[in-house]
Amino acid sequence: MCKDCGCSLEKEEVKVLDENTQKKVAREIISKNPQLNDGKTIAVIKKILDKNDQEAEHNRLHLDENNVLGINLMSSPGSGKTSLLESIVPFAKFTFGVIEGDLETNKDADRLKAKGIQAVQIQTGSSCHLDAFMTHKAMHNIDLKKIDVCFVENVGNLVCPASYDVGTHLNVVLVSVPEGEDKIVKYPVMFRAADLIIFTKTDLLDYFDYDLKQEKEMAKKLNPKADILEFSTKDESSVKGFLAWIENKRKMS
Ligand SMILES: Nc1nc2c(ncn2[C@@H]2O[C@H](COP(=O)(O)OP(=O)(O)OP(=O)(O)O)[C@@H](O)[C@H]2O)c(=O)[nH]1
Ligand SMILES: [Mg+2]
Ligand SMILES: [Zn+2]
Ligand SMILES: [Zn+2]
Ligand SMILES: [Zn+2]
């Protein structure tokens, strides 16, 4: 049992990050935040990440023992994360739950609950990302036995959510047409961490000077391993395309 929270996995099963990985992650954070580049801060960051990554492994064990695929959705505020989840409800052949992260309000969880989806809201207060501890707590309020896929909708933010493993299996990063063409080059860390990059709100392409072909090439160059999809809530075939990607990952897992 989890001694502190009463769940059924042993904390001891968790792997501790090796020293080199800790250093690598700390370097990534510092390259984005040069003002943190002093010995004391580096030591603190390593300590936090180490604990976070242990908890993330713990979360993944909970998902694995229940055969649940965990998907972390990340993007800027308003790129369409909640809308994408709402739009798959009528077509999904698997059952899913959602852990929602926002600074305040239960709005996103309420939107999904209104469609009959198990959803739990985390209000982070001032934190601009979810971590594995917040996610763990929320997982206690989701019946993992009743779902096939657990989405974590991270706090709308294109920077630090990528540095915190929440214990999911896959990272999906959204970028919307109205945000403009420069997001991938300006915020490469998040796109490098993606298993799937989704260009959303493609129904708006006619109204924006957005070179989708060029942006896709940029994404491919930055992260050749990531899959790429176009998505619009108004285009049923794109909704089904996203579901097919998930079904494929479920088969592989
Ligand atoms: N035209 C169009 N609008 C969309 C699409 N997807 C989302 N929107 C709109 O974009 C706005 C923001 O969408 P949300 O789904 O709330 O975005 P989000 O990423 O969940 O936002 P946060 O949770 O605040 O980070 C809403 O007004 C949606 O109706 C789309 O495919 N096409
Ligand atoms: Mg949302
Ligand atoms: Zn627990
Ligand atoms: Zn546990
Ligand atoms: Zn943050």
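Predicted model: local features only at pLDDT ≥ 70, side-chain atom pairs only at ≥ 80, totals over all residues.
Residues are numbered from 1 along each chain as its sequence is written, and chains are lettered from A and ligands numbered from 1 in the order in which they are written.

Seven strands form an open sheet. Their order is β3-β2-β4-β1-β5-β6-β7, and the pairing is parallel. The edges are held by β3 (118-123) and β7 (227-230); each has a single partner strand, so one side of each is left without a neighbour in the sheet. From one strand to the next, the twist averages 20°. Helices (H or I, at least four residues) and strands (E, at least two) are DSSP runs, numbered from the N terminus. Two strands pair if DSSP finds at least two bridges between them. Strand β6 (residues 196-200) is joined to β7 by four bridges. Isoleucine 197 has isoleucine 228 of β7 as its bridge partner. In general, strands of a sheet pair through backbone hydrogen bonds.

Helix α5 (residues 132-139) lies across β2 (96-102), β3 and β4 (149-153). The helix runs at about 140° to β3. Such angles run from 0 to 180 degrees between N-to-C directions, with axes fitted as lines to C-alpha atoms, for helices over the stretch in contact. Six of the eight residues of α5 are buried, so the helix is largely enclosed by the rest of the structure. The buried residues are Ala132, Met134, Thr135, His136, Ala138 and Met139. A residue is buried if 20 or more other C-beta atoms, placed from the backbone, lie within 10 Å of its own, exposed if 12 or fewer, and partly exposed in between.

The largest nonpolar core has 51 residues. Such a core is a set of buried Ala, Val, Leu, Ile, Met, Phe, Trp, Tyr and Cys residues joined through C-beta atoms within 7 Å. Val98, Ile99, Val149, Cys150, Phe151 and Val173 have the most contacts inside it. Leaving aside neighbours within four places in sequence, cysteine 150 is in contact (C-beta atoms, placed from the backbone, within 7 Å) with residues including Leu63, Val68, Phe96 and Ile142.

Ligand 1 is surrounded by 17 residues, counted where the C-beta atom, placed from the backbone, lies within 6 Å. Gly80, Lys81, Thr82, Ser83 and Gly156 are the closest. Helix α3 (residues 81-88) gives the largest share of the shell, three residues. The shell divides into two nonpolar, 10 polar and five charged residues. Here Ala, Val, Leu, Ile, Met, Phe, Trp, Tyr, Cys and Pro count as nonpolar, Asp, Glu, Lys and Arg as charged, and the others, Gly among them, as polar.

Most residues other than glycine have a negative phi. Threonine 105 has a positive phi of about 75°. Threonine 105 sits in the loop between β2 and α4 (107-113) and is exposed, with 11 other C-beta atoms within 10 Å. Lysine 201 also has a positive phi, of about 60°. Lysine 201 lies in the loop between β6 and α8 (212-222) and is buried, with 24 other C-beta atoms within 10 Å.

Leucine 222 lies in helix α8. Leucine 222 and arginine 192 are 30 residues apart in sequence and 6.4 Å apart in space, C-alpha to C-alpha.

Notes
Contact = placed C-beta atoms within 7 Å.
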